[in-house]
Amino acid sequence: MNLQEKIKIHLDQIKQLRGVENAVLTQRDGNPIQSTGVWFSKDEIFNVCSAASAIFNVGIHLHPIDLKYILIEGKKAKILIAPLNSPLHFSLNKILEQQGILNNNHEFFIAITAQPNVNLGGIFLQTNECLKKIKTSLITSGESFKPPLIQFDGQKIENILKGFDVKEDKDLDLHVSSFSLSFSENISLELRKVLSDFSLTIPDLRYAFICLEGGFIASQLLKNAIIDKEILDRISAMSYSVFQTANRCSWLLKKMHAEKILIDCENTFQFINGLGKAIFCTEIGKTKQKLGLLRLILPQFLNKINNLIKKASEIQDPYAFDVKRLLGDLVIK
């Protein structure tokens, strides 16, 4: 039995978990190595692996040392992304690093799609056991585990180029909304109050912020001296990018929109929640709060923030402008 067949057996064990639809072991660059479950086509596997890879790479950029898994949740499914180089398996990781199979760059990860009612703890426990078995197979095989490079024939190259075609659209909307630029003073104050109340409720809070389209922070609260404004701006941009890519991955798999993302690390939880045209992001230490309690507390504050964002989007800003009208007023002499 070759190495890939052994890996498929371990992935099949995850597939047998009730509610799990498919699982795929993927290289960091998005190249699928082995998969199990129901897939519609080979292209679908590559598309999903590519989107999951983008999410995974941003996740390990945010948490390079202690990332355990990333969980994406929507109405139709849960998507779990877990690195093969999990910090939970320190001794196995050391052996793999010495053999040159695995390194600190998190070369491989597993992506799992499951039904929305599947128990999170059950999925992670089964995945954790699967990761151990895959690592053991790698150690005992004595093989180098590098997948072949993707090759493209003429037809595939032509299909890629066609994907860049732009359709002419006669009904152009040239109105630029100022929603993503600013909030009114009253709404900004109310947002700060909600974040302040959230901070009082969560004693182990490190930071929390609300950011608009593009990752621009609308309101923030910092409780960690290590994180400054510049670092938080980078976290905001990457968190927004993760959420948008998760939306793409969710749509490819289940034709659904991502609603929330949990990034579980050794010492912290990072939550990213969609709020219409904005996202709410927070990082919370594990010392004083359990995940179940946090999942009960968060929706109360998210509802308040969402209502304020909806209120802001309904306000007609007198400074909003129409590009077409603006250009029509320009006179070139």
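So, which element gives the most to the lining of the largest cavity? It's E5, with three residues. Quick caveats: this is a predicted model, so local features need pLDDT of at least 70 and side-chain atom pairs 80 or more, while totals for chains, interfaces and linings use all residues. Residues are numbered from 1 along each chain as its sequence is written, and side-chain values use heavy atoms, without hydrogens or water.

By cavity I mean a set of points on a 1 Å grid over the protein atoms alone where a 1.4 Å probe fits but cannot get out, and lining residues have an atom within 4 Å of a point. Grid points join across faces, edges and corners, and volume is the space filled by probe spheres set on them.

There's one cavity of 30 Å³ or more, and the largest cavity has about 40 Å³ of space. Eleven residues line it, with Val-48, Ile-79, Ala-111, Thr-113 and Leu-253 nearest its centre. Strands E1 (20-27) and E5 (108-114) and helices H2 (42-62) and H7 (229-254) each give two or more residues to that lining. Those are DSSP runs numbered from the N terminus: helices are H or I, at least four residues, and strands are E, at least two.

Now, H7 also holds Ser-236. Beyond four places in sequence, Ser-236 contacts (heavy atoms within 4.5 Å) Phe-209, Cys-211, Gly-215, Phe-216 and Ile-217.

Conventions:
On a 1 Å grid over the protein atoms alone, a cavity is a set of points where a 1.4 Å probe fits but cannot get out, and a pocket is an open set with protein on both sides within 12 Å along at least five of seven lines; lining residues have an atom within 4 Å of a point.
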